[in-house]
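Dear colleague,

I am handing over the structure below. Please look it over first; my notes on what was found in it follow.

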Amino acid sequence: MKQARMRRTITGFSNPTVKYLRSLREKKHRKREGKFLAEGLRLLTDAREGGRLPEMLVMSAARDPHPLLEALENAVEDAGGEIVETPPEILSKITGKDNPQAVAGVFCEFDTSIDKIDRSRAPIWLVAQALRDPGNLGTMLRTGDAVGAGGLILIDDCADPFSVEAVRASMGAIFTQQIAQASWEEFLPWLRSGAGQLVAASLRDARPYRQAPYVAPCFILVGNESRGLPEEYEMACDLRVTMPMRGRADSLNAAIAGAVLAYEVLATLEA
């Protein structure tokens, strides 16, 4: 049975709902509210297909009709969510983009406790330590989705996975990948309490990444963009691998290194 419809139109920039939605672009307000903002029909469709619906759907009054948008709108209405229509210029103010997409949604942040991870659910897991760039974080989520990973575990002081930039860069993988957050002191005992091979790209006692004996579940550890991994973290790994650098650069972007290694692990596990 359908819930009562909650639909309204907002035309003023000073409306409290507009101020609330804009505030979700800042981490302190996201944490206070336990909510985050996602923009775009593709992202919201991925969320719907993954069983997650926004509690508030914000749509441009100038939107073009689309069957996926209609399906999303109906699903939010059926669940008793709120639908807001607003002019494109107000939606632009909300999202912070000059040319916003036609729809955005407000979601509840997920439980990111390390204890929620079921390591047996997937053969590959990505782990990022002190990753500071939200674009890299979103890219790692997208990589995880591509290789069939279970999710992304964020260690120590990482960028906020629910920031607008990280959500946008994930291309919808924020809704398909499990996310956990923990300190190294929490993560390592958790990992050692069950099955799991910890692998990192390194120059310390490393072997070529294409000749390494990967086993599932494999946890691929990537370090900070500028500093890499602390030595003690690398030495705690079960396997350290190195990737050849043929040019002048001495390292890869953190997210790209994680992607290269993830696909090699995938190929090994599927062989």
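To begin with, A212 is buried, because its relative accessible area is 9%, and the cut-off for buried is under 20%. Please keep in mind that this is a predicted model.

A212 sits in the loop that runs between strand 10 (207-208) and strand 11 (218-222). If neighbours within four places in sequence are left aside, the contacts of A212 are R207, L239, V241 and T268.

One is a negative patch, made up of D115, E185, E186, E231 and E232. Two elements each give two or more residues to this negative patch: helix 8 (184-192) and helix 9 (231-235). E232 belongs to helix 9. E232 counts as exposed, since its relative accessible area of 57% is above the cut-off of over 50%.

The other is a nonpolar patch on the surface, formed by M245, L252, I256 and V260. Together these residues have about 290 Å² of accessible area. V260 is part of helix 10 (residues 254-270). How exposed is V260? V260 is partly exposed, with a relative accessible area of 30%.

Regards

Conventions:
Residues numbered from 1 in each chain as written. Predicted model: local features only at pLDDT ≥ 70, side-chain atom pairs only at ≥ 80, totals over all residues. Heavy atoms only, no water. Patch = residues over 30% accessible without salt bridge, like charges linked within 9 Å, V, L, I, M, F, W, Y side chains within 5 Å. Areas by Shrake-Rupley, 256 points an atom, 1.4 Å probe, with all protein chains shown as cover. Salt bridge = Lys/Arg side-chain N within 4 Å of Asp/Glu carboxyl O. Lys, Arg positive; Asp, Glu negative; His and termini not counted. Charge placed at Lys NZ, Arg CZ, Asp CG, Glu CD. Helix = DSSP H or I, 4+ residues; strand = E, 2+ residues; numbered from the N terminus. Buried < 20%, exposed > 50% of the residue type's maximum accessible area, 1.4 Å probe, protein only. Contact = heavy atoms within 4.5 Å.
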